[in-house]
Amino acid sequence: MTYYLWDKFMLCLCTPAVVEDVIVVLLKRVHRQIRLDSSLVNTRTSGRAHGGRMSAAALRWIRCRRLSTAGPPGVKKVLQWKDLRKVAKVTGAVVLGGCLFITYEMIALDKAVTIDTSAILQEKNKSYIYLRATPSDEKDNLTGGLTHKARRELHKAARRFVEISSRLLLQSLDAAKLMTQVSLLQEHFSHVDADPHEVALWVLLKKTQSANKAIRLEAVQELADNHHWHDYQYQTAAQVIDHRTAVGLARTPQVDLRFFRHPPALPDLGEGLSAEDGLRQLLASLPQTEVDKCVRYFTSLALRESTQSLAAQRGGLWSFGGNGLPYAQSLTSVPSEKVESFCLQALVQHSKVRSHCDHIVANGGLQLLQRVYHLRTDSMKIQRNIVRIIGNLALNEGAHQAIAQSGWVSVLAEMMQCPHIMQASHAARALANLDRETVKEKYPDGVYILHPQTRSNQPIKADVLFIHGILGAAFKTWRQKDRNTLEEEEAAKCEDDYTECWPKSWLAADCPNLRVLSVEYDSHLSDWMAQCPAENQRKSLAYRSQELLKKLKLAGVGERPVVWVAHSMGGLLVKKMLLDASQDPDMHGLLQNTKGIMFYSVPHYGTFMAEYSVNVRYLLFPSIEVRELCKDSPALRSLNDNFLNLAKEKDFKVLSFAETLPTNIGPMIKILVVPTQSANLGIGELIEVDVDHLNICKPERKDSFLYKRSLQFILDALQSYVTH
């Protein structure tokens, strides 16, 4: 009866009115049953009274039933209707409310535990690559020592890691939330057998894609600083990072090269073609418009040099009416390296023209240069020229993606760690032009950054520019003094102290918040020594001054305090540039920020070398630069007078060094190139040093007087800007 009543009750449980009616009906049935039982008991009791004796227990039970069913008429009426209806209402309301509450809680709980598993599944599919990239020896150890239960636990931990990392990747990464997430991850992984470095790697990789520049830079620095990544984690990072992050890592000191993907496979050149043939075809495809005479000269020179097969094909043109065979046979002794050098020299000139850069990239020049670079690992000069071209191409931001995709970032990162300063500096220039995150300046061809070559938290307060003289260069002019044979034994004891470029090695260490630049330009004593005949018509001081001012402005020179350091004719060039800047409103910043100038044997009043003798002048056939250095030249006198007026007006600090020893310019000739009278500008301090003209700018040691006095002048000129 109990189950029957409950089923009926649950079927009719829809509304409070229905529940009330059902309960009333059921209670009436129960009351009627009780009355029937009571009457039955009375009948049996009366029969026993007449028919025999009854036990005391039976009488007591019957009496209790009578008391519960019998009573005054008024009481029976209340129990039947009014009280029963109230009980039915309360009971129905309680039951219905409980059912509704339980239903609401179940719906709320279902919503609370609902998880969007699409992101988890996506990251789980990705994780198959990374979780299996375990070294083979580690796999052997695991498979040999782990039981089935341990493997199952590892899989659980991996799944949990994927779920947590996917949640992280779906959330925004501001700094405060990131710290909270990292702390939560530490709590999660405190009882899970998973490598916390996995989470840290993904967090850092996500930060490198943040919209906040500060967060991106911090993430790149943390990636490079952590050296505990596993091999497969480096491979993971190499596949995920974009070219912006890769450039940032490449410009981080001593970065692990495993962060970079290997250059992609190079396409085939074609049957019977060599690298030099590819370079020649690339040159032939470039336009000859928008280029000066020197570019056309270098291009024709490179195309004229040929292998035997190409000479035979074009012999009718190059052998002046013959079949080309004798000319082709005469070229069989020309080495491929020389031909490649000619082609690369021409490409350097073309890469200075922005419109030609697009042609070089579109015609597969990046892949071709990659091939030559790896083929000529024994030629540092060829590799430098190739990286020089890449640096020129990087001036065009539209080529950055193509440069990165062709694998050049990894090549430049490796070259940055080369112990040779020239190699590292060429790579540093190219990477600086690629790095638009932290470098706003651009470094044109011939402007090399010696410090800082990598990203640094040290703010740059001022610039120091080094300008070489005739026959000089951006690096070799500023090397440490060459040691003679007698000093070799002593030098062997302190070999680590020798430097190929003291501004980079010594000055950068003593003044880390300086930017040190070195400028290079072609110069020669004789027109016979010119690489391009057209150079003789343009390599005057006036032309070079305008050319270098444009490059220095692009490099941001003039936006900070500046100190100039010049050797020989470089000092004349500095004076000419400052005078030209005073006439150009756009260059007034350079003039106002010039704080000091240091001259190493600069011929302010000319030199006797240009007019040493009639015979020497005839042999030298001096170039325009040398003719401008003649003693008491009117142009030189005018330049010096105008500069003195400017220096006094702007209150430039000036320090001049003068040589006192003659210089060997041949087996039988010694000459004092710049006498003390010519090295004396007329303002500032003049110091005579017992060295010749070539070594006046090459300190013997870091603790030598020449370097210490030079350093002191730079600090004095920039005393309110730099720290020592």
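## Cavities

Three cavities of 30 Å³ or more are counted; a cavity here is a set of points on a 1 Å grid over the protein atoms alone where a 1.4 Å probe fits but cannot get out. This is a predicted model, in which local features need pLDDT of at least 70 and side-chain atom pairs count only at pLDDT 80 or more, while totals for chains, interfaces and linings use all residues. Residues are numbered from 1 along each chain as its sequence is written, and side-chain values use heavy atoms, with hydrogens and water left out.

The second largest cavity has a volume of about 50 Å³, a volume being the space filled by probe spheres set on the grid points, which are joined across faces, edges and corners. Its lining (residues with an atom within 4 Å of a point) consists of Thr208, Arg216, Leu217, Val220, Arg244, Thr245, Glu437 and Arg455. Two or more lining residues come from each of α11 (213-225) and α13 (243-250), and α11 gives the most, with three residues. Helices are DSSP runs of H or I with at least four residues, strands are runs of E with at least two, and both are numbered from the N terminus.

## Salt bridges

The structure holds 23 salt bridges, each defined as a side-chain nitrogen of Lys or Arg within 4 Å of a carboxyl oxygen of Asp or Glu. One of them joins Glu340 and Arg376 at 2.7 Å, N to O. Glu340 lies in helix α19 (residues 336-351) and Arg376 in the loop between α21 (365-375) and α22 (380-393), so this pair ties together parts that are 36 residues apart in sequence. Both Glu340 and Arg376 are buried (under 20% relative accessible area; exposed is over 50%, and partly exposed lies in between, with a 1.4 Å probe and protein chains only).

Asp445 and Arg388 also meet in a salt bridge, at 2.7 Å, N to O. Asp445 sits in the loop between α25 (421-434) and β1 (447-451), and Arg388 in helix α22, 57 residues apart. Asp445 is buried, with a relative accessible area of 6%.

Within helix α29 (residues 569-583), Lys576 and Asp580 are four residues apart, about one turn of the helix; their side chains form a salt bridge at 3.6 Å, N to O. Lys576 is partly exposed at 24% relative accessibility, whereas Asp580 is buried at 15%. A network of salt bridges links Glu441, Asp463, Arg515 and Arg560.

How values were computed. On a 1 Å grid over the protein atoms alone, a cavity is a set of points where a 1.4 Å probe fits but cannot get out, and a pocket is an open set with protein on both sides within 12 Å along at least five of seven lines; lining residues have an atom within 4 Å of a point.
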